[in-house]
Amino acid sequence: MIAGGQEFAAVVAPLEDSDSSSDLGYQAIDMGGACCLGAFALQVGDKKKSDSEGGFDNDRWMRGLRRINSEEQMDQFVQLWSHIQSITLSHVRDKISWNLTADGSYSASSAYAIQFCARVPMPELNKVWSIRVQGKVKFFFWLLLQNRVWTADRLCARGWPHDDNCSLCDQEMESAYHLAFRCPFAREVWLQFHGDFPDMVQRAFDATDVCSWWDISRQCGTKDQRMRELPLAIYVIWHIWKERGRRIFQNKVATVPGVAALVRADMDLLSLAF
Ligand SMILES: [Zn+2]
């Protein structure tokens with residue numbers, strides 16, 4: 001048995017009660033880089049169905065390596081051959097244990113959890129939930145901060161249907177940052193609030209990305225100022241997003257003053273709720 005790659009080697013290990021010094025499978029796992037070489041052997045060899053003892057006895061595994069056709073593959077072959085010289089096979093069967101559970105048994109939940117082990121925590125995300133806006137708007141903004149809203153750049157990356165250009169300005173590739181702060185249409189909407197909230201509008205115009213804008217906005221000014229400005233700013237972005245959806249899915253267009261009026265209507269409702 002040969003491990004299929006470094007990812008596999010990271011989550012499996014030899015069982016303690018086995019003879020790891022003489023079992024090829026364990027050696028392949030322990031060698032780290034050799035795991036990739038093992039995958040290489042499977043790729044170019046024609047002895048894919050051979051077991052450890054059958055395939056490696058008298059170097060029979062090498063007889064299938066007729067498909068080597070590049071210098072890189074030859075180099076990998078030489079590396080693999082040198083690793084294998086130190087291995088002595090026994091009749092002990094290969095066994096693996098799952099490193100992510102206490103008893104060494106595989107579980108789907110542990111495999112799912114390992115996918116998120118390298119995620120960078122964003123404590124500022126939690127601040128979203130304390131902003132006084134509707135729940136659906138909080139959720140939208142929470143997704144936006146993580147660049148998980150389905151804007152054209154993300155649809156393009158997935159190969160899903162999309163229009164390359166922003167549906168509001170038809171000038172640039174649509175992204176969360178573009179929609180919220182860079183789009184000429186969005187900037188016109190922001191400007192509708194410049195009279196009463198000049199600092200908020202200036203921060204939007206100075207934004208270099210969505211997260212840094214959020215970091216700065218939730219720390220600027222007095223607490224009272226933030227209580228007024230943060231919900232308004234989030235509703236401005238929300239209604240820009242809604243206008244984008246209206247144009248794409250309903251083929252309807254609202255003007256800049258029309259979008260600003262929708263923002264003000266939501267803010268009026270909000271003042272009754274809180
Ligand atoms: Zn645009």
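Helices are DSSP runs of H or I with at least four residues, numbered from the N terminus, and contact requires C-beta atoms, placed from the backbone, within 7 Å. The structure is a predicted model, in which local features need pLDDT of at least 70, side-chain atom pairs count only at pLDDT 80 or more, and totals for chains, interfaces and linings use all residues. Residues are numbered from 1 along each chain as its sequence is written.

Beyond four places in sequence, Ala-186 touches Leu-168, Leu-179, Ala-180, Phe-181 and Ile-240.

Ala-186 is also among the residues with the most contacts inside the largest nonpolar core, together with Ala-180, Ile-234, Val-236, Ile-237 and Ile-240; this core has 36 residues. A nonpolar core is a set of buried Ala, Val, Leu, Ile, Met, Phe, Trp, Tyr and Cys residues joined through C-beta atoms within 7 Å. At least two core residues come from each of helix 7 (135-145), helix 9 (176-182), helix 10 (184-191), helix 11 (198-206), helix 12 (210-217), helix 13 (223-250) and helix 14 (256-273). The greatest contribution, nine residues, is that of helix 13.

Helix 13 and helix 14 pack at an angle of about 135 degrees, with axes 9 Å apart. Axes are lines fitted to C-alpha atoms, for helices over the stretch in contact, and angles run from 0 to 180 degrees between N-to-C directions. The two helices, helix 13 and helix 14, are therefore oblique to each other; angles under 35 degrees count as roughly parallel, over 145 as roughly antiparallel, 65 to 115 as roughly perpendicular and the rest as oblique. On the helix 13 side, the contact includes Pro-231, Tyr-235 and Ile-240, and on the helix 14 side it includes Val-259, Asp-266 and Leu-270.

Leu-270 is partly exposed, with 16 other C-beta atoms within 10 Å. Outside four places in sequence, Leu-270 is in contact with Arg-132, Val-133 and Pro-231. The C-alpha atoms of Leu-270 and Arg-132 are 7.9 Å apart, at a sequence separation of 138 residues.

Methods. A residue is buried if 20 or more other C-beta atoms lie within 10 Å of its own, exposed if 12 or fewer, and partly exposed in between; C-beta atoms are placed from the backbone. Two residues are in contact if their C-beta atoms, placed from the backbone, lie within 7 Å.
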